[in-house]
Amino acid sequence: MSKAGEAEIGANSPHETHDHTAGAEKRVFIKTYGCQMNVYDSERMGALLAPLGYAATSQPEDADLVILNTCHIREKAAEKVYSELGRLKNIKASRAQTGKQTQIAVAGCVAQAEGPEIHARAPVVDIVVGPQAYHRLPEMIARAARQRGAVLETDFDVNEKFDALPKARTGDGPTAFLTIQEGCDKFCTFCVVPYTRGAEVSRHVDAITAEARMLVASGVREITLLGQNVNAWTSAPPAGEHAEAWGLGELCRHLAKIDGLERIRFTTSHPRDMDEGLIAALGDEPKLMPYLHLPVQAGSDKILKAMNRDHTAEHYIRLIERIRAARPDIALSGDFIVGFPGETDADFEDTMALVREVSYASAFSFKYSRRPGTPGAAMRAQVAEDIKTDRLARLQTLLEAQKQAFNRSLIGKTLPILIERAGRNEGQIAGRSPYLQSVHMDGPARLIGGIAQATIRDVTPNALTGVLVDALHEKGTA
Ligand code: SAH
Ligand code: SF4
Ligand code: F3S
């Protein structure tokens, strides 16, 4: 998560499902690209298909159904899908030789954005399903088996999707995503999301609470609330309460009352929607983790205006000051785009200055990618590729230095670590700090799923290493 680079959004991509139901009749392979919302949706699709007899497999060669849950955010992300489809074409052909059928479905944002073109470009595809139509997958699979040519479903009805998708949990481990808001009304001029995910829609607090309780009952200790503009979330209060509409701050306080839920995070926030209620909750709700992903994209007001971000650099910096006043230890993360049309050297220097002023614990940074249909794609003064490359390298060097400085600042501190999994070597365990860093340490597997105190001893390029406090006591070195 904390990589400053041309990374896919969300650390988990590409993310492949694991085998967890042996012996079922049919197998599904789901590959996930893009943001955490796609990871969440892939889990829901897996849960939806389980009652139809589909068990997850991590091998496309074994799969009767392959689902690519795709991302359209940058050209590179979208093109990856077509190269994967090339590989799948061969797999489908060799399975056919042994009498096995394979259905191939393209889901997610490429499906929504490119719809019928996908089948034209990759006739191997049987099903094209947009992010708001997943609940129709079972019916589409049946239709695709009967007809020739792709079955296409890209209607928008987000609430129908949430109501219809199973809530059962398919993943394991003590952390989970929970989508509370979907879509975007901001129309930043570089971005495809408003077109692929539709208008902003919030789920009702009662539906969210029920899902959170289900997750906690299944062993989840940390929930990350998801939304393209998560802090634009709003809902009527819980049934029976007569308060005004709730915002994300109230929702977090409400969820924090669930026994057994230890940590709450949310992503991605928009600077325009950071209200006082949420800032106050970050300040005084201990279950809200001291980490905030708050993309700014650029530091030049001229570029921010051309991006239609609806805030200035000054507005963002003042906002950060207010957030830090409320929660002094907050670790900040951001997204940056270099080489947006019209960006001069001076504009880029404004981005560097903003980064120096704010100082980030982690960040994602990208070269501007021209996306068909967005206003940015039609702008004159597109920036040359080599200039983008140079600017990205300079920005990433600065962001990486800030990240390393932040990581090193924790050496010697004792932090609560949510232990998520066994480590790479025997006798090791790994988890997450409150600031979302990976922390590796020696320790027994029985600690997995709970929170343990560890003293940070060292940093590696992408993680921290620590020593369990109990282990320190045992050795008498604390
Ligand atoms: N909703 C979030 C981010 C959504 S997309 C927000 O408002 O910030 C995640 C990130 O991808 C964006 O923050 C942006 O930095 C990057 N991105 C989006 N479109 C892009 C494009 N056309 N070229 C390069 N990066 C882009
Ligand atoms: Fe895209 Fe802007 Fe919406 Fe974020 S706020 S999803 S960058 S349009
Ligand atoms: Fe990509 Fe769609 Fe998420 S375009 S970033 S998968 S909302």
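Five aromatic pairs are counted in this predicted model, where rings of Phe, Tyr and Trp (its six-membered ring) pair if their centres lie within 6.5 Å, with planes under 30 degrees apart classed as stacked, over 60 as edge-to-face and the rest as tilted. The model being predicted, local features need pLDDT of at least 70 and side-chain atom pairs count only at pLDDT 80 or more, whereas totals for chains, interfaces and linings use all residues. Residues are numbered from 1 along each chain as its sequence is written, chains are lettered from A and ligands numbered from 1 in the order in which they are written, and side-chain values use heavy atoms, with hydrogens and water left out.

One of these pairs joins F190 and F340, whose ring centres are 6.4 Å apart and whose planes stand at 80 degrees, so the arrangement is edge-to-face. F190 belongs to the loop between β9 (181-182) and α7 (193-196), and F340 to the loop between β14 (331-338) and α13 (345-358), so the pair ties together parts that are 150 residues apart in sequence. Helices (H or I, at least four residues) and strands (E, at least two) are DSSP runs, numbered from the N terminus. F340 also pairs with Y368; with centres 5.3 Å apart and planes at 70 degrees, this pair is edge-to-face. Y368 lies in the loop between β15 (362-367) and α14 (385-409), so its pairing with F340 ties together parts that are 28 residues apart in sequence. F340 has 0% relative accessibility and counts as buried, as does Y368 at 4%; buried means under 20% relative accessible area, exposed over 50% and partly exposed in between (1.4 Å probe, protein chains only).

β14 and β15 also belong to an open sheet of three strands, ordered β13-β14-β15 with parallel pairing; two strands pair if DSSP finds at least two bridges between them. β13 (291-293) and β15 stand at the edges with a single partner strand each, so one side of each lacks a neighbour in the sheet. Six bridges join β14 to β15, and G334 stands opposite A363 in β15.

F190 is also among the residues around ligand 2, which include C184, C188, C191, H270 and R309, a residue being near a molecule if one of its heavy atoms lies within 4 Å of it. Ligand 3 is surrounded by 10 residues, of which C35, N38, C71, C109 and Q228 are the closest.
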